[in-house]
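Here are a few notes from going through this one. Have it open in your viewer as you read.

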Amino acid sequence: MINLNHGSGSLTGEATVDFSVSDFVNRHINEALARRRAERLAGEDRNYLGMSEIGDKCMRRVYYNTIGVPRPPFTGERLRQFEMGLYFEKMVYEWLIDSGFVIRTKNSRGEQFEFTDAGGRIKGHIDGVILDGPQIPSLMYPALWENKALKAKFWNAIVKHGLDKAEPQYHAQCQQYMAHGQLINTLFTTINKDTAEIYHCVIPLSISNAQK
């Protein structure tokens with residue numbers, strides 16, 4: 001029985017339901033993201049080592065990825081991070097274009113630039129190539145463009161210690177891309193996801209590092 005007197009509530013007391021709206025909605029979001037990722041990767045043979053992984057300090061993980069050991073499915077949080085990275089990359093790209101940089105992110109077939117090695121066992125897909133732009137003394141065109149969106153902790157470490165020391169895996173990724181793309185330097189941009197600060201640095205090609 002419901003008491004209709006103003007503000008008195010239910011005569012039987014408040015109903016309690018073990019239900020989280022947030023968990024319910026997030027589950028549907030995560031399922032949608034998983035479907036979208038599956039559609040995006042449909043038909044892609046993922047039996048290769050990514051150049052973004054090749055500099056991982058954990059050699060066991062590199063080896064497992066090389067031989068195609070099945071990976072556990074990505075968590076919903078990880079899928080959302082992937083999506084956020086794509087949006088941040090598009091945003092920074094548009095800012096650079098508006099500021100006078102000429103960047104190509106697709107090849108003549110409208111596909112992402114791809115490099116392969118070891119008979120297709122190693123592959124890399126770059127963010128873009130800068131063909132021209134403002135004259136920067138330490139940067140020569142054409143240059144590789146690589147962008148990362150990072151939490152403040154990791155962003156601050158790169159600013160303080162440099163990419164090679166703070167994030168050697170990203171540094172190795174750039175070296176691989178430059179070596180295969182025959183580019184002599186990289187404009188590495190990283191945006192702080194917490195503050196929207198952007199840091200830019202030039203990474204020169206090191207043949208010995210790329211070969212290692």
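Predicted model: local features only at pLDDT ≥ 70, side-chain atom pairs only at ≥ 80, totals over all residues.

1. Start with the helix pair. Helix α1 spans residues 21-40 and helix α3 spans residues 76-98, and their axes lie 9 Å apart at an angle of about 60 degrees. That angle is why α1 counts as oblique to α3. As for handedness, α1 and α3 make a left-handed crossing.

2. Now the residues at that contact. On the α1 side you'll find Asn30, Leu33, Ala34, Arg36, Arg37 and Arg40, and these meet Gly76, Leu79, Arg80, Phe82, Glu83 and Leu86 of α3. Sorted by class, the contact of α1 with α3 comes out as 5 nonpolar, 2 polar and 5 charged residues.

3. Next, cavities. With a threshold of 30 Å³ or more, the count is 1 cavity. The largest cavity holds about 50 Å³ of space.

4. Which residues line the largest cavity? They are Leu33, Arg37, Arg40, Leu79, Phe82 and Glu83. Both helices take part: α1 and α3 each supply at least two residues of that lining. By class, the lining of the largest cavity has 3 nonpolar and 3 charged residues, with no polar ones.

5. Worth a look on screen: Leu33, Arg37 and Arg40 of α1 are among the residues that meet α3, and Leu33, Arg37 and Arg40 are also among those lining the largest cavity. On the α3 side, Leu79, Phe82 and Glu83 take part in the contact with α1, and Leu79, Phe82 and Glu83 belong to the cavity lining too.

Definitions and conventions: Residues numbered from 1 in each chain as written. Heavy atoms only, no water. Axes fitted to C-alpha atoms, helices over the stretch in contact; angles between N-to-C directions. Helix = DSSP H or I, 4+ residues; strand = E, 2+ residues; numbered from the N terminus. Parallel < 35°, antiparallel > 145°, perpendicular 65-115°, else oblique. Left-handed = near helix turned anticlockwise from the far one by under 90°. Contact = heavy atoms within 4.5 Å. Nonpolar A, V, L, I, M, F, W, Y, C, P; charged D, E, K, R; others polar. 1 Å grid on protein atoms, 1.4 Å probe; cavity = no way out; pocket = protein on both sides within 12 Å on 5 of 7 lines; lining within 4 Å. Points joined across faces, edges and corners; volume = space filled by probe spheres on them.
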